[in-house]
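Here are some friendly notes to read beside the model. Please keep the structure open as you go.

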Amino acid sequence: MTVPVRKFDAVIVGAGGAGLRAALQLSEAGLKTAVISKVFPTRSHTVAAQGGISASLGNVQEDKWEWHMYDTVKGSDWLGDQDAIEFMCRQAPEVVVELEHFGMPFDRLENGKIYQRPFGGHMANNGKTPVERACAAADRTGHAMLHTLYQRNVRAQTQFFVEWLALDLIRDAEGDVVGVTALEMETGEMVVFHAKAVLFATGGSGRIYAASTNAFINTGDGLGMSVRAGIPLEDMEFWQFHPTGVAGAGVLITEGVRGEGGILLNGNGERFMERYAPNAKDLASRDVVSRAMALEILEGRGCGKDKDHVLLKLDHIGPEKIMSKLPGIREIAIKFAGVDPIKDPIPVVPTCHYQMGGIPTNYKGEVVAPKDGNPEVRVNGFYAAGECACASVHGANRLGTNSLLDLVVFGKAAGNSMIDFIRNERPALKPLPANAAEFSQARLARLENQTGGEEVADVRADMQKCVQLRAGVFRNSENLARGVAEIKAIAERAKRTQIKDKSRVFNTARIEALELDNLIEVAVATLVCAEARKESRGAHAHDDFPDRHDEEWMKHTLYDGQSRQLAYKPVHTKPLSIDYIAPQKRVY
Amino acid sequence: MKMHFKIYRFNPDVDQKPYMQDYHVELEPADKKLLDALVRLKAVDDTLTFRRSCREGVCGSDAMNINGKNGLACITDVAGLKQPVEIRPLPGLPVIRDLIVDMTQFFKQYHSIKPYLINEGPKPDRERLQSPEDRKELDGLYECILCACCSTSCPSFWWNPDKFVGPAGLLAAYRFIADTRDEATTERLDNLEDPYRLFRCHTIMNCVDVCPKELNPTKAIGKIKDLMVKRIV
């Protein structure tokens with residue numbers, strides 16, 4: 001069966017913050033650009049970001065990009081690449097001002113400048129005292145940013161393929177990327193998108209966990225496609241647990257609540273963060289706060305009849321501030337926790353939130369993979385940005401508000417790299433391999449003809465339970481080894497999933513089965529990478545190896561999905577212009 | 001808790017016409033919202049088709065008609081619903097399948113108001129300044145999630161979806177008119193100066209009644225009408 005081919009200069013998969021920022025760059029440069037998204041762009045998960053986007057604008061008190069960089073390196077527990085971190089923190093003021101120029105409705109200070117609030121781990125003077133660095137639109141910063149970027153793309157007349165699911169990456173015999181296959185949900189038809197350059201901006205995959213702040217759509221599609229195309233994944237053991245997910249519901253409560261003065265209390269009514277982080281207290285880095293909360297609960301100092309959560313108290317900051325700066329949080333607390341935070345504290349637990357690892361890239365957004373002994377050789381024509389990518393700016397633990405920054409800095413950088421590549425290196429389309437769609441067709445045919453297999457929902461639930469149990473806030477060797485064996489067995493079952501719905505039209509059962517293929521790749525990668533790292537660093541807290549071990553482990557993990565083998569590559573210790581920030585003991 | 005649902009079903013691949021299907025389901029204590037119940041139903045019958053994503057009321061995917069009123073499944077308490085719970089696709093838009101409607105017309109109207117800031121002046125090195133009071137004018141406008149609950153509850157939009165911008169699009173139009181940074185108010189008003197585009201709003205206020213974000217498109221439309229009047233006199 002022949003599959004229709006559509007030709008573009010650039011194809012972007014994903015229409016969240018990174019994809020839309022890149023699209024804008026490409027469309028405004030006059031390149032023929034297609035953005036493929038499985039949801040309407042403003043439904044992408046960027047919309048759920050709440051607290052802010054970081055930039056050392058210094059609108060409230062003095063700030064410098066060097067301090068932002070120091071905090072990000074420290075936050076990453078020295079696993080972040082310092083060239084990429086410098087690039088991001090230096091670019092931050094410019095890209096945030098650009099968002100304002102695009103029309104983003106930031107809150108304002110009395111002097112008319114962009115409103116900034118404190119956030120966890122963001123400090124002045126290399127870690128001394130909290131600084132207002134998070135630029136915010138109330139507690140709806142992601143919504144404001146995503147809608148603004150979409151609106152700007154409407155102006156730039158970007159071409160969108162909405163409710164299309166990308167299936168597989170197309171590489172030619174030389175390993176160069178020349179396109180993707182994608183399925184139009186409404187018709188069930190597959191198309192080959194032939195392109196000079198392809199960007200993955202597919203977001204995270206937090207749905208590998210049973211309890212997650214992530215949307216249903218966060219299924220690691222870009223990571224799954226990369227693995228199937230022989231691209232390694234980097235640092236997949238590092239998953240951020242956000243301290244304040246609503247207990248039971250998983251819905252996110254922004255760190256901005258603590259930035260505005262909210263505090264965490266245990267079952268004794270004690271502000272326990274004072275013990276764990278005497279300086280930063282409730283505004284310590286997320287991994288630190290999540291571990292402290294988990295310990296309080298484990299040691300019997302949780303709240304509620306099952307002592308299984310802690311409380312986030314904010315009534316003392318006053319109704320006026322809650323209504324003006326945290327209105328969305330109040331809405332969520334009322335709807336999902338049944339409490340009005342103007343009067344009562346919100347029950348919260350650490351909840352899976354963000355994937356620090358992903359598709360390996362450099363700070364230009366170019367995907368890099370090992371080849372002939374060199375760990376970082378560019379994969380021609382392939383780019384990644386945002387949560388699906390690992391630049392690596394977040395290392396072993398991301399700071400709050402650095403995610404939205406990552407999206408716009410690296411979305412823009414990747415867009416610029418693609419423009420250069422298309423103009424200078426690949427002005428004409430490189431031919432498609434003869435069998436470009438065969439692999440995707442085989443996957444669809446397998447699903448169509450499968451008999452005697454298992455339900456997608458059952459396999460997915462078992463995967464989520466396994467990852468939740470084996471790769472949580474605290475990890476240990478025995479648990480991880482069990483997790484690896486279990487997840488490999490679940491991955492075998494996922495190969496034989498079966499759907500009852502065989503319809504062509506908007507077949508969401510088929511979509512969910514294809515998404516499970518991607519989730520499973522991420523889940524296996526997570527457990528294999530985590531089992532191998534015998535130290536504690538950032539979000540990877542290993543009970544049997546409680547210390548960070550720089551001599552042996554200050555290195556990035558590279559997971560090859562086809563062999564399930566690991567390799568390692570060095571951390572970039574050389575910033576672009578300033579001196580190396582050498583590892584120190586990490587205290588807040 | 002056992003619950004009874006009646007859900008609109010239509011798959012153009014196999015069905016001659018739509019029908020209502022009965023579902024009886026035993027909900028778990030964790031199934032608090034209508035979306036939780038729908039996900040549970042889909043685990044049993046994978047042909048049941050609906051959109052969903054964020055499950056916290058901010059992405060706007062799972063708008064549907066619930067017991068006769070438009071709303072988001074993910075923030076609707078399932079326990080409070082009168083049984084059998086009747087669920088239908090958003091009214092007035094073509095149905096693609098089951099609860100999934102074709103939103104082309106809705107987005108076309110949104111796009112028609114030029115939903116982006118227009119300011120062609122030179123860009124300062126830093127952010128443009130805006131006072132907190134001026135910024136406050138955007139509250140209640142910029143938070144729209146484009147779920148279409150409002151426009152598809154509006155009789156004027158049902159009769160003239162191709163001509164009447166509808167409450168969501170008009171709310172967005174006023175969001176830019178109200179923004180002190182935007183320089184295209186005249187152009188925006190010209191764009192709406194038409195017997196249908198703006199003036200088909202008869203202040204029925206269904207939009208206000210259903211908005212899951214508690215926004216008030218009718219008020220925004222009133223302000224646009226005031227500006228229209230002001231520029232005549």
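The points below take up the interface, the nonpolar cores and one serine.

1. This is a predicted model, in which local features need pLDDT of at least 70 and side-chain atom pairs count only at pLDDT 80 or more, while totals for chains, interfaces and linings use all residues. Residues are numbered from 1 along each chain as its sequence is written, chains are lettered from A and ligands numbered from 1 in the order in which they are written, and side-chain values use heavy atoms, with hydrogens and water left out.

2. About 5,200 Å² is buried between the two chains, with carbon and sulfur atoms giving 51% (accessible area, 1.4 Å probe, lost on being put together and summed over both parts).

3. Between chain B and chain A there are 10 salt bridges (a side-chain nitrogen of Lys or Arg within 4 Å of a carboxyl oxygen of Asp or Glu). In one of them, A:R504 meets B:D13 at 2.5 Å, N to O.

4. The largest nonpolar core has 182 residues, and A:I53, B:F5 and B:L38 have the most contacts inside it (buried Ala, Val, Leu, Ile, Met, Phe, Trp, Tyr and Cys residues joined through side-chain atoms within 4.5 Å; buried means under 20% relative accessible area, 1.4 Å probe, protein chains only).

5. A:S536 counts as buried because its relative accessibility is 12%. A polar atom of the A:S536 side chain lies 2.7 Å from the backbone oxygen of A:F545. Among the residues that A:S536 touches are A:H542 and A:D547.

Methods: Buried means under 20% relative accessible area, exposed over 50%, partly exposed in between (1.4 Å probe, protein chains only). A polar contact is a pair of N or O atoms within 3.5 Å; within protein, one must be able to donate a hydrogen and the other to accept it, and residues adjacent in sequence count only if both atoms are side-chain atoms. Contact means heavy atoms within 4.5 Å. Lists of a residue's contacts leave out its neighbours within four places in sequence.
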